[in-house]
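Student: I'd like a close look at one part of this model, the charged side chains and how they pair up. Could you walk me through that?

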Amino acid sequence: MRARTGQNLRSSTRRDGRRRRAVSAAPAMAVGVMTLGVLAPPAASDSAAPAPAPAAAAAGPDAVQRALNTLVRDDGMPAALASVKDRNGRARTYTAGVGDLTTGSKVPRDGQVRIGSNTKAFTAVVVLQLVGEGKIGLDAFVDTYLPGLVRGEGIDGSRITVRQLLQHTSGLPEYGVHLDDDEIRNRYFEPRELLDLALEHPADAEPGKTWGYSNTNYVLAGLIVQKVTGRPLAEEMDRRIIKRIGLRHTYFPAPGEMTLREPHPRGYHRSPADGPLRDFTEMDPSAGWAAGQLISTNSDLNRFFTALLAGRLLPAAQLAEMRTTVPVGTSGLRYGLGLTSRPLSCGGVYWGHGGDIAGYETRGGVTDDGRAANVAVTSIPTDEAAVRHVSEAVDRALCG
């Protein structure tokens with residue numbers, strides 16, 4: 001899984017002299033053009049990308065449909081899906097393209113997709129709930145909960161705080177760039193394997209010195225949750241979030257579970273970026289774990305982020321911590337504790353995360369006045385125009 005930098009918070013690296021792709025982030029939150037899409041957050045741009053279309057030019061639900069049509073027609077996405085909720089709670093769903101390139105079947109309305117790094121927001125909520133319960137200290141060191149586990153070249157768990165993990169300011173190296181898409185597709189990874197892979201490499205920076213997206217941070221956050229609660233992370237997410245707010249189509253896949261349980265569009269992946277689309281619907285998502293393993297729908301993501309911002313999942317103090325952000329590049333994107341804010345063309349910002357995993361990309365969030373929108377496409381965009389068009393689709397949905 002890769003963390004993105006630049007437009008998509010993406011990055012690329014080499015391993016054994018060959019360019020490798022990571023499960024996390026082609027355009028996800030922080031990765032390069034290769035994808036282990038799972039691990040990346042919403043795309044950010046350090047370059048001067050065109051601004052989203054003005055809201056006035058895109059008013060009304062038809063603007064959302066037009067944006068999805070563009071993703072299919074101009075950007076080569078097999079399918080695009082969206083769920084939009086206005087201030088009054090009225091919801092609409094949209095689709096474009098085909099759900100299966102082989103059969104030409106329709107795209108299921110509000111179909112399930114792999115949501116990649118949106119999982120980080122769920123993991124952060126569980127951690128912050130435990131902070132509110134006095135079981136985790138946000139500014140406590142990792143060694144408080146996992147003594148002696150985090151050691152490596154320039155890496156010391158006695159100097160890295162829980163806050164720095166959630167905010168991506170720990171300086172920990174990314175493990176996803178050292179995994180190949182095909183390597184992870186059929187292999188089950190234990191969380192400790194992912195951590196050990198990261199610790200083979202030197203720190204990217206001193207703790208607290210700079211922001212740098214790394215899925216390793218959230219693997220550690222998940223391990224801390226399990227140590228403190230004595231329960232699997234998946235059970236804690238299910239009990240504390242999914243069941244609590246009625247996310248009927250969201251789940252953490254079980255070990256070895258490679259399919260999606262409910263109606264879904266098939267997901268396709270290019271590896272290399274200029275290669276043909278390959279069907280990646282069935283895959284083992286364990287390389288994402290606490291950083292990117294969840295499956296959900298656009299409407300469930302809207303429900304989750306709406307409940308979160310409305311204070312239904314966290315006490316006020318912990319929600320305020322989550323919404324305290326640092327800048328990411330020059331695009332206006334800011335990162336809090338597993339939560340991002342992004343400016344809207346119609347004014348204000350929206351809060352969410354975003355994520356990629358081979359086969360799927362999701363982007364969206366909610367505004368402080370109750371609007372919500374999420375957009376999913378069934379292939380990770382591999383060029384800047386497509387990345388921009390996904391962001392514009394969200395902007396039109398929230399500003400229309």
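Student: Which residues are linked with E236 in a network of salt bridges?

Tutor: A quick word on ground rules: this is a predicted model, where local features need pLDDT of at least 70, side-chain atom pairs count only at pLDDT 80 or more, and totals for chains, interfaces and linings use all residues. Residues are numbered from 1 along each chain as its sequence is written, and side-chain values use heavy atoms, leaving out hydrogens and water.

Now the network: E236 is linked there with E133, K135, R231, E235, R239 and R240. A salt bridge here is a side-chain nitrogen of Lys or Arg within 4 Å of a carboxyl oxygen of Asp or Glu. Side chains of opposite charge can pair when their charged atoms come close. E236 is buried, at 0% relative accessibility, while R231 is partly exposed at 32%. Those words have cut-offs: buried is under 20% relative accessible area, exposed is over 50%, and partly exposed is in between (1.4 Å probe, protein chains only).

Searching the whole structure turns up 26 salt bridges. One of them joins D139 to R163, with the closest N and O atoms 2.8 Å apart. That pair links distant parts of the chain, 24 residues apart: D139 sits in the loop between helix 2 (119-132) and strand 6 (151-152), and R163 in helix 3 (residues 162-167). Helices (H or I, at least four residues) and strands (E, at least two) are DSSP runs, numbered from the N terminus. D139 is partly exposed, at 48%.

Then there's R187 with E183, whose closest N and O atoms are 3.6 Å apart. R187 is partly exposed at 33%, and E183 is partly exposed at 27%.
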